[in-house]
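User: I am new to this structure. Please walk me through it in short questions and answers.

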Amino acid sequence: LTLPQFVQLMDNFVGEDISLPTVKRLAAFIKGEYKQTKEEKKKELEKVQHMSHVAQRKQLLEALFEKWDRNARGSLDLKEVAAVLSRFKGGMGKVALMKAREQLYSRYPQLSREGKLSPKAFQTFLELIASEFTGNEDETMDNLVRFLTTRVEKSHPESLQSSARRKWLQDIQQAAETSRTSMEPVYKAVFKALSQDLEAHGDNKRISAYIALLEENQLSPELGQVVLRYVACTADDAPYVLNQVLHRDMKGVSFAVIDQGQPIYVPRVQLHGNVHFWNSDRPVEERKGSLLVLPLHDAHGRVFGILGLDTLQDQCEKSIFLTHEITFFEGVCHAFSKAYHHICMWENILQVAVTALDWLYPRTPSIHTVTTYLVAPGKDKNYALCKMITTDNTGQKEIHSSPVALLREENLLRDYLFKCTDSSEVTLTSVHGEYHIAVPLQDLSRQTLGIFDISIGQHKKLPPEEQKDLQKMLKMAQAACSEILQRCLEETEPTHVLEAERVANVRHAGILFHRFMLQELRECV
């Protein structure tokens, strides 16, 4: 138990109407009775040492990955890494390398197509190699890290460039983490990263940029099952590009990028003949410049959209994209994909909450209101609670498109919500005579990611049947959220139980809730 969890456990145990002398007697009793055996102390110390070692190794490997990832692409070339590793211990590790690569392909099938190592795949690769050597595995891993560290060097200007680029990519991720379910801050961060980099490292080129995502073609399926919808672009291009839809039978290289999963670069659009111009008012003589279209991949290597850049607005004759710029743009694509799927994850979790509340409402008439909060990171390790969904006793829900953010110091009467967040334990309290049950939704490390604030009015507890249904709903909601988080964490193909999940998009994440209900029912039968 952490300190907040221990305090909350004691608080729940003693209740609200307990006298101070009784609390003191309880504290004295626990002090006298709680004893740790030597074996327990030893196990705890070993556990702490192991966790410390794992954390240190993770930091080392992240630093090594960043050192190799010169242009902040977000991935490493597998062939390049393997070529260097083949010289480890004077070439003695070639057999280990071969075996490790085979195992890596079985874990990450997309690697055989793409040949790009993500940070997680890079770490797995080194661990697999180390496991193939005889002797101490940790020592072999340390030697591997040391060997790879000495095989790459960056000049001071390269280090400064890499550091700046990494900061801009982190801004994209931060935009996703603080906006929760809005994509607008992410789009702005992407275009800002592109413009800042071209200003600092790209001869101040003037570009247009746009993001298009694949979606099902419901209006005219005879023209193809999917279309590309342009969901964001730089401000000057909005009147011509925003919300436009590109079909397969229209001019353009975007669908070729999607099919091949590789960037397509057109140095001179005027000579290409297959470039789509959304601004039909632009004179033919001004349709000059470079075009670059890059695929957006998800964690499983599947393409879900494109990022396009062109220099048609730049008057310079040689407004071409250089290799180091293109590599950084790939890093922007990687950062955007992570941010996009992070927000999809939150949308999925909210959809699970909506479905769970719909299931709960007719079964628990004693519940007055349920307010759903998500935890949003803030500055200096503080956090805010964003009010996302309010459900009243008629079952009516209000989903807040502009969530109200609660800060601890400004909401003393809601301190029970912050206690619930800190301890990640159920918290019971009364506010102005109204009883509340605050229940955490936990992430995979048992930290709080959201809260159900359940008001039961003046009753201290629910009737037994309603309590049972509430517990069942909370259990299934947690199971569905854990499944969503696990899918986001893993870079392997997800498994499906219901056929509906296979075709469901982000809005149908609530199917997971019903799937777990169905599985529980099957187990009971």
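Predicted model: local features only at pLDDT ≥ 70, side-chain atom pairs only at ≥ 80, totals over all residues.

User: How many helices and strands does the protein chain have?

Analyst: Along its principal axes, the C-alpha trace spans about 85 × 60 × 50 Å. Helices (H or I, at least four residues) and strands (E, at least two) are DSSP runs, numbered from the N terminus. The count for the protein chain is 17 helices and 14 strands.

User: What share of the residues is buried?

Analyst: Buried means under 20% relative accessible area, exposed over 50%, and partly exposed in between (1.4 Å probe, protein chains only). The protein chain has 525 residues, and the buried share is 45%.

User: Among contacts with a separation of 6 or more, what share joins residues 24 or more positions apart?

Analyst: A contact means heavy atoms within 4.5 Å. Of the contacts with a separation of 6 or more, those between residues 24 or more positions apart make up 61%.

User: In what order do the six strands of the open sheet lie?

Analyst: Two strands pair if DSSP finds at least two bridges between them. Here the pairing is antiparallel. The edge strands, β5 (245–246) and β6 (264–266), each pair on one side only. The order is β5-β4-β3-β8-β7-β6.

User: Over how many bridges do β3 and β8 pair?

Analyst: β3 covers residues 208–216 and β8 covers residues 303–310. Ser208 stands opposite Asp310 in β8. The two strands pair in the antiparallel sense, and the number of bridges is six.

User: Which strands does helix α13 touch?

Analyst: Axes are lines fitted to C-alpha atoms, for helices over the stretch in contact, and angles run from 0 to 180 degrees between N-to-C directions. Helix α10 (residues 184–201) lies across β3, β4 and β8, at about 140 degrees to β3. Helix α13 (residues 323–360) also packs on the sheet, and its direction makes about 35 degrees with that of β7. The strands that α13 touches are β3, β6, β7 and β8.

User: How many salt bridges does a search of the whole structure find?

Analyst: A salt bridge is a side-chain nitrogen of Lys or Arg within 4 Å of a carboxyl oxygen of Asp or Glu. One network of salt bridges that share partners joins Glu66, Asp69 and Arg166. The search finds 20.

User: Which parts does the pair of Arg70 and Glu80 tie together?

Analyst: The side chains of Arg70 and Glu80 meet at 3.8 Å, N to O. Arg70 is partly exposed at 31% relative accessible area, and Glu80 is partly exposed at 37%. The parts are ten residues apart in sequence: the loop between α3 and β1, and helix α4.

User: Which strands hold Arg229 and Glu215?

Analyst: Their side chains form a salt bridge of 3.0 Å, N to O. Arg229 is partly exposed at 24%, and Glu215 is partly exposed at 30%. The residues are 14 apart in sequence, Arg229 in β4 and Glu215 in β3.

User: How far apart are the closest N and O atoms of Arg248 and Asp259?

Analyst: Arg248 lies in the loop between β5 and α12, and Asp259 in helix α12, eleven residues away. Arg248 is partly exposed, at 42%. The closest N and O atoms are separated by 2.8 Å.

User: Is Leu307 buried or exposed?

Analyst: Leu307 is found in strand β8. Beyond its neighbours within four places in sequence, Leu307 contacts residues including Leu194, Tyr210, Leu292 and Phe329. Its relative accessible area is 2%, so Leu307 is buried.

User: Which side chain makes a polar contact of 2.8 Å with His400?

Analyst: His400 sits in strand β11 (residues 397–406) and counts as buried at 15% relative accessibility. A polar contact is a pair of N or O atoms within 3.5 Å; within protein, one must be able to donate a hydrogen and the other to accept it, and residues adjacent in sequence count only if both atoms are side-chain atoms. The partner of His400 is Thr390.

Terms used
Residues numbered from 1 in each chain as written. Heavy atoms only, no water.
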